[in-house]
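Please consult the sequence and the model together.

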Amino acid sequence: EYLPSSLYRHPAWIAWKASLGWEPIKACEGIVLLARRLGPGASMVYATAPSSLFDPVAADEDEDPDYGAALEGLSLELLSYLPGDCAFIRWDLILPAWTDAQGLALDTRLQEMRMNAPTRHRRFRKAYSEATCLDTMVVALDGGPQAIDSGLDYRTRYSVRLADRRGTVVRRVGEAGLPAFHGLQRKTSARHGLALHPESSYRGLFRAAREEGLDLDLYLADLMGEATAAAIIARHGADAWYLFAASSPEHRASAGPTAILYRALHDCEEAGL
């Protein structure tokens, strides 16, 4: 399966993280480390594991993949690059969660045990909180616009038609749409109990994108001039990422989020992504 991860090693993404207090560390090829102080005499390092790390990891259908052994080996290789007071590396993995016979994610403790099972030192611990969305999809855009439409399920097609009937309009507005985006994000974060980052943080991302050559855009859906949903989309190479999104609970019937995603899929397909 194709798992795009190059965005998180793009100079714009790294520059943005640096503006938020992370210190980039150059390590072996394909790995970007970001260090941050935890307090006096202690720091941590954050890293995104490239999907290619796990390409050679193969296992019998009745066995668990040796993800832990592969990641342990890489962690040991990186020790010489880490700050002397580094307490731990936090890895974000683009990997499927281990699931039970019904396809549901296993208990955190069981996932931790499976990650440690093939390792020598048994030092992996499951993070208490997630930094990224747990439900992520990779959508193939080959086959033309008709293939995109035929790949939508019934409810999504209904929402696309509903947005059209209600008069929802989607525009690409770029950085100028950040005030509307952040206003919607305040409602979204309160609704779902998510951390709310300041608008200046996203302005920093757009600034880093301009300076480092990352294609970044903001899509805004509105109904009769009132913003109902927004999303920030990044493009790099052959891939596009649906990064950050927000919506208004008062205008759920306008189907703004679906209208934005539908427009973005078709725009990216037209661009050859």
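In this predicted model, Tyr154, Asp164 and Arg165 are exposed on one side of helix α5. The buried residues of α5 are Ser159, Val160, Leu162 and Ala163. These four cover an arc of only 160° around the axis and therefore lie on the same side of α5.

**Helix α5: extent and end**
- Helix α5 spans residues 154-166 and has 13 residues.
- From its first C-alpha to its last, α5 reaches 18 Å, close to the 18 Å expected at 1.5 Å a residue.
- Gly167 follows α5 and has a positive phi, near 90°.

**The two sides of α5**
- The buried residues of α5 pack against α8.
- Tyr154, Asp164 and Arg165 are on the other side of α5.
- An α-helix has 3.6 residues a turn, so residues three or four places apart point the same way.

**Packing of α5 with α8**
- Two packed helices are described by the angle between their axes and the distance between the axes.
- The axis of α5 and that of helix α8 (residues 256-270) come within 9 Å and cross at roughly 100°.
- Angles of 65 to 115 degrees count as roughly perpendicular, and α5 and α8 are therefore roughly perpendicular to each other.
- On the α5 side, the contact is made by Thr156, Ser159, Val160 and Ala163; α8 contributes Thr258, Ala259 and Tyr262.

Note on methods. Residues numbered from 1 in each chain as written. Predicted model: local features only at pLDDT ≥ 70, side-chain atom pairs only at ≥ 80, totals over all residues. Heavy atoms only, no water. Axes fitted to C-alpha atoms, helices over the stretch in contact; angles between N-to-C directions. Parallel < 35°, antiparallel > 145°, perpendicular 65-115°, else oblique. Contact = heavy atoms within 4.5 Å. Expected span 1.5 Å × (residues − 1). Buried < 20%, exposed > 50% of the residue type's maximum accessible area, 1.4 Å probe, protein only. Arc of directions from axis to C-beta.
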